[in-house]
Amino acid sequence: MEKVTDTIINVGVNDRDITLFESQYQVKNGMAYNSYVILDEKVAVMDTVDPRSTQEWLSNLKEALGGRKVDYLVIQHMEPDHSGSVLELANLFPEMKFIGNTKTFTMMTQFYGMEIEGKSVTVKEGDTLSLGSHTLQFITAPMVHWPEVMVTYEQSEKVLFSADGFGKFGTRDADEEWTDEARRYYINICGKYGIQVQALLKKASGLSIDKICPLHGTVLTENLTYYLEKYNIWSSYVPEEEGILIACASIHGHTMKVAEKFREILEAKGSKKVVIADLCRDDMHQVVANAFRYSKMVLFAASYDASVFPPMENFLNKLKSKNYQKRRVGIVENGSWAPTAARVMKNLLEDAKEIEIVEPTISIKSSLKAENIPQLEALADHI
């Protein structure tokens, strides 16, 4: 347990055993499932935790309650890593009221088949709930990143309970800098919904916020402007910093050698930040995050089955699903007899907004040749 204030306690759990969050995201430092209890004349719990951690969470909650009962459970997000212990809490406190919106309660029935008649309190944008000295103000946040999502502002202590917003991969006590894992989390989980995140940030700008309590990761208590600005950048799809991502899908290593040579050329020409990614071996979701982080990207891929090598196709489809845009992109293909990768990569990017394909597009025949060096030099100059 961790105190947020004298009356607000994080009773969440650090899951150190999980290695694959949502069955797809690598989490080498585990995952935090945060849940908060507000102790006042009435007691409110802000969300529950993943079923993996129910018993540890209940133990933390009982300790924080000190024998008191829970009056309200505020359900900000129905995804099972946050609502997965609702049934257990309801059984423990049968008189407890559920606070949510119309979509919340529809999903509760879908997930858990719960009978909530007479126990649900439906709230909408701007509604408030008094606990005594604390007042909860509910703010809808549809499609950040599910349709039922809302966030909650506690007026007296100026605390924003931000649902999945401002979360990150890793446990709360993981020895890691916030930004990298928060970026990877945001881009891959919420990145599709930039317009909706911008709308929520606009609402938040009208609040005086001293602390941000996300459902994953650490509670943010200092330099909140930094975190808000990162979310503004990420959700508006502008590059976070100047740099070049080289994303390479190589079958036998020849295409990777071309990519490595291109990095040497870029650095010799004065590029300060060049990152090379192996799409066959590196964490794909980290590469996706880096594609949004940097201002430029160059794709290197082998032709395969009259198309493009599947790791590149997978990568570009992920970028498309997260609304990749506002970047300059170079393309280098490799093919031994009928190169097709460049055409397919361009087609996969054609629906992206404000993407400039930088010429020349380069076609390598099997392996790097002396004649390719001037082509790479030209692409480096233009990118």
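Tutor: Buried means under 20% relative accessible area, exposed over 50%, and partly exposed in between, with a 1.4 Å probe and protein chains only. This is a predicted model, in which local features need pLDDT of at least 70 and side-chain atom pairs count only at pLDDT 80 or more, while totals for chains, interfaces and linings use all residues. Residues are numbered from 1 along each chain as its sequence is written, and side-chain values use heavy atoms, with hydrogens and water left out.

Student: Is leucine 160 buried or exposed?

Tutor: Leucine 160 lies in strand β15, residues 159-161; strands (E, at least two residues) and helices (H or I, at least four) are DSSP runs numbered from the N terminus. Because its relative accessibility is 6%, leucine 160 counts as buried.

Student: Which residues does leucine 160 touch?

Tutor: Contact means heavy atoms within 4.5 Å. Leaving out residues up to four places away in sequence, leucine 160 touches Val151, Thr152, Tyr153, Ile209, Lys211, Ile212 and Cys213.

Student: What is the strand order of the open sheet?

Tutor: Strands of a sheet pair through backbone hydrogen bonds, either parallel or antiparallel. Two strands pair here if DSSP finds at least two bridges between them. In this open sheet of five strands the pairing is mixed, and the order is β12-β13-β14-β15-β16.

Student: Which are the edge strands?

Tutor: An edge strand of this sheet pairs on one side only. The two that do so are β12 (128-130) and β16 (211-213).

Student: Which residue in β14 is the bridge partner of phenylalanine 138?

Tutor: Strand β13 covers residues 135-140 and strand β14 covers residues 150-154. The two pair in the antiparallel sense over five bridges. The partner of phenylalanine 138 in β14 is threonine 152.

Student: What is the nearest side chain of opposite charge to lysine 211?

Tutor: Lysine 211 lies in strand β16 and touches residues including Val4, Lys158, Leu160 and Leu224. Lys and Arg count as positive and Asp and Glu as negative, with His and the chain ends not counted; a salt bridge is a side-chain nitrogen of Lys or Arg within 4 Å of a carboxyl oxygen of Asp or Glu. Lysine 211 is buried yet has no salt bridge. The nearest side chain of opposite charge is 7.1 Å away and belongs to aspartate 210.

Student: What covers the buried residues of α7?

Tutor: Helix α7 (residues 224-236) has 13 residues and reaches 18 Å from its first C-alpha to its last, close to the 18 Å expected at 1.5 Å a residue; the expected span is 1.5 Å times one less than the number of residues. Its buried residues include Leu224, Tyr227, Tyr231 and Trp234. An α-helix has 3.6 residues a turn, so residues three or four places apart point the same way. The cover over the buried residues of α7 includes α5 (178-190), α6 (194-204) and β16.

Student: Which residues of α8 are buried?

Tutor: Helix α8 (residues 254-268) has 15 residues and reaches 21 Å, close to the 21 Å expected. What covers its buried residues includes β17 (241-249), β19 (294-304) and α12 (372-382). Those buried residues are Thr255, Met256, Val258, Ala259, Phe262, Ile265 and Leu266.

Student: What is the phi of aspartate 47?

Tutor: Aspartate 47 lies in the loop between β8 (43-46) and α1 (54-65). Aspartate 47 counts as buried because its relative accessible area is 1%. Although aspartate 47 is not a glycine, its phi is positive, at about 70 degrees.

Student: Which residue does a cis peptide bond join to proline 360?

Tutor: Proline 360 is found in strand β22. The cis bond has an omega of about 5 degrees, and the residue joined to proline 360 is glutamate 359.

Student: How many of the residues of the protein chain, in percent, count as buried?

Tutor: The secondary structure of the chain comes to twelve helices and 22 strands. Its C-alpha trace spans about 80 × 35 × 35 Å along the principal axes. Of its 383 residues, the share that counts as buried is 56%.
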